[in-house]
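Biologist: I should like to learn how to read the features of a protein model, one at a time. May we begin once the structure is in view?

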Amino acid sequence: MHHGLTIVPHGALDLVSLGALVHRLDPGHIPFRKAHHCAIHVSGGEFNVAANLSDCFGLQTGIVSAMVDYPIGALVSERVKAMGVKPFYKWFEHNVVTGPNLATVYSDRGFGVRAPVVFYNRCNEAAAQLKPGDFDWNKIFSGGVRWFHSGGIFAALSETTAELIIEGMQAARSAGAVVSFDLNFREKLWRISGGQHRAVEVIGRIVENVDVLVGNEEDLQKGLGIAGPEVAGQSKLDPGAFIGMIDRVVRCHPQIKIVATTLREVHTTNRHSWSAVAWINGETHIAPACELDVIDRVGGGDGFAAGFFYGLLTGESAETSVRLGWAHGALLTTFPGDTTMATLEQVKTFAQGGSARIQR
């Protein structure tokens, strides 16, 4: 194995994620302003990775998050349980009027030439109040932990969430875990909490603790403040521009051993070209390219991260790990909601160059 990571062979928890749990109201193809009813999905960029690894890949995972004692909290915690993820919650009392709340994400699916529209209500969000000292990391990691994951969405929520990420990462490193971070750069969230300038400063301090970085070209530019390539890639599927930035990433953060991302060219809302690339300890691995018919694009990147981490955690080759991530991310876009409905067999078949022939 040339991935350069030292992965603990056993632990009560294969992966622990730290992040905000949210509920997403999804009116399907109808724009929100014309909607009469919605599906409710439970999500969170960091949670999705833990949920996918548990439900599809059969690993033991946990989520460290805020939970509120009101009916939305009950709905969310029930769905977390349904995905088989072990909860480590800091509980907040709801005053029955103004909160604290679990965030709401409103997101229609768009269709064809009409892109999906995403907006939030994160007013008085419980997760934004999380701070260092809120969790007993030694207790959470007491049975052993192999991998710790967080992301840029949680980092953007408040002054204290980023500090909590750093505290969790340092505790995880002491416990022997690999540490990953998905930049998941969201302009709207950072605009509220200090803008691009603060994002680069905060993410820079987080990334000092990271072994595995997930993020696309834009994430690297905006989240790490690294200049993009002089010439834009001809195609969004051409990994050249992304690979061209890796040198600068590793020069700034020499402890990083892996940088990985999905590559997505959006033709229409329901037709994407899809690939993935990972720079692993000096070598580049590129997944195949395929055409996707997309039901719901939300969560595809988290789907990639989960499959990729699974490969690394189970001792697969770098090449196979990238393919597992690519395959699972592709399948995830064929399900409504943000978390997986795939089986491991489907992922493995697709990763080996399987096709959509009917499974009899």
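This is a predicted model: local features need pLDDT of at least 70, side-chain atom pairs count only at pLDDT 80 or more; totals for chains, interfaces and linings use all residues.

Biologist: What holds neighbouring strands of a sheet together?

Modeller: Strands pair through backbone hydrogen bonds, and the pairing is either parallel or antiparallel. Here, β2 (residues 22-26) and β6 pair in the parallel sense over four bridges. To see one of these bridges, find V22, whose partner in β6 is A103.

Biologist: How should I read a strand that has neighbours on both sides?

Modeller: Take β1 (residues 15-18). It is joined by four bridges to β4 (residues 61-68), and the two run parallel. β1 also pairs with β8 in the parallel sense, over two bridges. V16 shows both pairings: its bridge partner in β4 is G62, and its bridge partner in β8 is F148.

Biologist: Are the two faces of β1 covered or uncovered?

Modeller: Both faces are covered. L15 and S17 lie on one side, V16 and L18 lie on the other, and all of them are buried.

Biologist: Which strands pair with β9, and in which sense?

Modeller: β8 (residues 147-151) and β9 pair in the parallel sense over five bridges, while β9 and β10 pair in the parallel sense over three bridges. S180 of β9 is the bridge partner of H149, and S180 also stands opposite V212 in β10.

Biologist: How many residues of β9 are buried, and which way do they point?

Modeller: Five of its five residues are buried. V178, S180 and D182 point one way, whereas V179 and F181 point the other way.

Biologist: Let us turn to helices. What is the general idea behind their geometry?

Modeller: An α-helix has 3.6 residues a turn, so residues three or four places apart point the same way. A first check is length. Helix α7 (residues 195-207) has 13 residues, which at 1.5 Å a residue should span 18 Å; its end C-alpha atoms are 18 Å apart, so the two values agree.

Biologist: Which residues of α7 are buried, and what do they pack against?

Modeller: The buried residues are G195, R198, A199, V202, I203, G204, I206 and V207. They pack against several elements, including β9 (178-182), β10 (212-214), α5 (159-174) and α8 (217-224).

Biologist: How do α11 and α12 pack?

Modeller: Helix α11 (residues 318-332) and helix α12 (residues 344-351) pack at an angle of about 115°, with their axes 8 Å apart. Their crossing is right-handed. R323, L324, W326, A327, H328, A330 and L331 of α11 make the contact with Q346, V347, K348, F350 and A351 of α12. By type, the residues of this contact divide into eight nonpolar, two polar and two charged.

Biologist: Where is V96, and what is its phi?

Modeller: V96 is in the loop between β5 and β6. Its phi is near 70°, a positive value in a residue other than glycine. V96 is exposed, with a relative accessible area of 71%.

Biologist: Which loop holds N281, and what is its phi?

Modeller: N281 is in the loop between β12 (271-280) and β13 (283-286). N281 has a positive phi of about 50°, although it is not a glycine. N281 is partly exposed, with a relative accessible area of 44%.

Biologist: Is G282 buried or exposed?

Modeller: G282, found in the loop between β12 and β13, is exposed, with a relative accessible area of 51%; the cut-off for exposed is over 50%.

Conventions:
Residues are numbered from 1 along each chain as its sequence is written. Side-chain values use heavy atoms; hydrogens and water are left out. Axes are lines fitted to C-alpha atoms, for helices over the stretch in contact, and angles run from 0 to 180 degrees between N-to-C directions. A crossing is left-handed if the near helix is turned anticlockwise from the far one by less than a right angle, and right-handed if clockwise. Contact means heavy atoms within 4.5 Å. Ala, Val, Leu, Ile, Met, Phe, Trp, Tyr, Cys and Pro count as nonpolar, Asp, Glu, Lys and Arg as charged, and the others, Gly among them, as polar. The expected span of a helix is 1.5 Å times one less than its number of residues. Buried means under 20% relative accessible area, exposed over 50%, partly exposed in between (1.4 Å probe, protein chains only). Two strands pair if DSSP finds at least two bridges between them.
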